[in-house]
Structures are given as structure tokens and as C-alpha cells.
Amino acid sequence: MSTTAAPSPWLPTAPCTPGRCAAHPGPATPRGAAARGALRLVAGLATVLLGVLLAPLTAPLPAAGRLLLVRYWCRAVLRAFGVRIRVTGRAAPQGVPLLVVANHVSWLDVPLVAAVLPGRMLAKREVRGWPVLGPLAALGGTLFVDRERLRSLPGTVDATARALAAGGRVVVFPEGSTWCGRAGGAFRPAAFQAALDTGSDIQPVRIDYRPAGPAAFVGEDTLGASLWRIATARRLEAEIRILDPISSLRYPDRRTLARAAQSTVAKDSANRPSPSVHQRASEKPAAASSARTPS
């Protein structure tokens, strides 16, 4: 499964490409990497499949119980793929309405956020049919949006607002496209309207991977290639930093609220952008940009 350039001009793009931004550091094929990768790949996919098969048994449980199981399942998936999790900060307890917004690097962001801040994801409709990501998203009660139909956007915002009004969390990646982590895109404001409509707080989250390259899922990358890079990576660590909440009541409109959230996430970055990478990439046409994203 490969990606193409963004089909609509209003959709966001990033200058990141697999060859430039997602390469393994050091030797391309370290000793033992293939065997280690194969074992992790089998373990990771088996853990995903087990969760999918057992999911129907969780139907009688209350929503809080299902979210807790999703949290443990996502942690198990990350461990199986060899990804260590580091969490900084503490979120509000379950039942407090929050719009969780994070920068977007990889498909790993989805199980990573779900493992720490379980809630309903806002994702593009194509994710429903993706291997690995599709089952993870569907079992988490994902809200799917058709990004190519602008007319569907108000309905998506309304669904997000209803989920917040019910006291739930909704997780959004408002950059709208994956970036490699060395730089990021602007937060698009649409989803922030749901927080304004319900008076919900914004929970900014910063995601970083070390090393940055293997986790990045950008440009014309394929899911298979990304899975293999992650499985063969050595000591891959995913750090998720839960930042101070932002009150939506302090902002007059969704655009200023989105800019405030983006500024908070960007300022917290411990891994500053690499101008040499993205200045060169910015000279490329849009066809070389990233058009994939779980959101």
C-alpha cells in the first residue's frame, strides 16, 4: 500500500520523505537486526490479532472498562514491536472532557496516545481499512472523517462536540499530516471548534521518538516498510509529554485557540527542527510531500 500526493489542494502536506527523514541511523543492516525484526514483527502482529479476536467479549463492559482494556492492549502492542514508552506529566482523570491534541510523526502515535490517554480518536476514513491501524482505531471508538468532502466537516465537529459534552476525551492530530519529528506543521483549527462549543479544555501533548528516523511514517512510505524499520530498530523509545491544559474559554475563536495549542507543543520540543533537512525538502514539489496520516 503506497501513498500519493494529497488529492485536494486544501489538504495539508509536509516536506518529509522516507529516504531523507526515516532512515535508520548507523549501519543499514546491523548484525542480528533481521532476526530480531522478524521476531518482533510476528509478536506485534499476533498481539494486534489477539486484541481484535477478543474485542467482542468486551462489548458488555462499560465504556470506562473498554478504554482501560484498550490502554493495556496498546501498551502490549508497543512492547511487542520493541518500543519503550516514557511518559512525562499527568492528565486529568477520566470523565473530564478534554480535546487531546498532539504533533504527528507516525502511525505509532495512535497506540501511543491510546496507551496513555485513552479516548476517541478523530481519524480519516481510509484508516478504517488499514492493517494494524484499522483494528486499533475501530476498537477505540474512532470518529472517522472524510477529508475530501468539506461538507462533512461540520458533522464531524458536531460528533466531536457530542463526545466532549458526554464527558469523554477526543484525540486529534491537528497537523493533518505526518512529519518526521524534526519539524512540524500548523495546527488546523476545525476540531478546536468542538472545544469552544462545549467549553472543554485542550490537553496539548508532545510526541518524540528516539532515534527519530525509524518511527517516522511519511511521504511515499508503505506500512510494511514502516513496520520493518520499527521492528529492526535498536532501543526505540517513544516519549509522550502531557503538557499543561489550555482553557478554551480564554480564546475568542478556534484559530487563536489552535495557534495557542501549537505554540505550546512546539515550545516543549526538546528536538529542534533540522534546517538542513527541511530547507532542502521544501524545494521539492508537493508531490514529494507527506499525504498520509491517521488523522
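Me: How do you know which residue a number refers to, and which parts of the model count?
Reply: Residues are numbered from 1 along each chain as its sequence is written. Because the model is predicted, local features need pLDDT of at least 70 and side-chain atom pairs count only at pLDDT 80 or more, while totals for chains, interfaces and linings use all residues; side-chain values use heavy atoms, with hydrogens and water left out.

Me: What makes residues 63-80 a helix, and what span does α3 reach?
Reply: Helices are DSSP runs of H or I with at least four residues, strands are runs of E with at least two, and both are numbered from the N terminus. Helix α3 has 18 residues. The expected span is 1.5 Å times one less than the number of residues. From its first C-alpha to its last, α3 reaches 26 Å, close to the 26 Å expected.

Me: Which residues of α3 are called buried, and what makes them so?
Reply: Buried means under 20% relative accessible area, exposed means over 50%, and partly exposed lies in between (1.4 Å probe, protein chains only). In α3, the buried residues are Leu67, Val70, Trp73, Cys74, Val77, Leu78 and Ala80. They cover an arc of only 155° around the axis, and therefore lie on the same side of α3. The arc is taken from the directions from the helix axis to the C-beta atoms. An α-helix has 3.6 residues a turn, so residues three or four places apart point the same way. On the other side of α3, Ala64, Tyr72 and Arg79 are exposed.

Me: Why is Leu57 called exposed?
Reply: Leu57 has a relative accessible area of 65%, and the term applies over 50%; Leu57 is therefore exposed. This residue is found in the loop between α2 (33-54) and α3.

Me: What makes Leu49, Leu50, Val52, Leu53, Leu54 and Leu57 a patch?
Reply: Patches are made of residues with over 30% relative accessible area and no salt bridge, with nonpolar side chains (Val, Leu, Ile, Met, Phe, Trp, Tyr) joined within 5 Å and like charges within 9 Å. These six names form a nonpolar patch on the surface, with about 580 Å² of accessible area together. Accessible areas come from the Shrake-Rupley method with a 1.4 Å probe.

Me: How do you know that β2 and β5 pair?
Reply: Two strands pair if DSSP finds at least two bridges between them. Four bridges join strand β2 (residues 98-102) to β5, and the two run parallel. Leu99 stands opposite Val170 in β5. Strand β3 (residues 120-124) also pairs with β5 in the parallel sense, over two bridges, and Met121 stands opposite Val171 in β5.

Me: Which residues show that both faces of β5 are covered?
Reply: In strand β5 (residues 169-172), Arg169 and Val171 on one side and Val170 and Val172 on the other are all buried.

Me: Why is the contact of Arg241 and Asp208 called a salt bridge?
Reply: A salt bridge is a side-chain nitrogen of Lys or Arg within 4 Å of a carboxyl oxygen of Asp or Glu. The side chains of Arg241 and Asp208 meet at 3.1 Å, N to O, and form a salt bridge. The pair links distant parts of the chain, with Arg241 in strand β7 (residues 237-242) and Asp208 in strand β6 (residues 201-210), 33 residues apart. Arg241 has a relative accessible area of 8% and is therefore buried; Asp208, at 4%, also counts as buried.

Me: What makes Arg210 partly exposed, whereas Glu239 is buried?
Reply: Arg210 has 33% relative accessibility and so counts as partly exposed, whereas Glu239, at 5%, counts as buried. The closest N and O atoms of their salt bridge are 2.6 Å apart.

Me: What is the peptide bond from Arg210 to Pro211 called?
Reply: The bond is cis, with omega near -5°. Pro211 has its place in the loop between β6 and α8 (212-215).

Me: What is stated about the phi of Arg235?
Reply: Most residues other than glycine have a negative phi, and most peptide bonds are trans. Arg235 has a positive phi of about 55° although it is not a glycine. At a relative accessible area of 63%, Arg235 is exposed.
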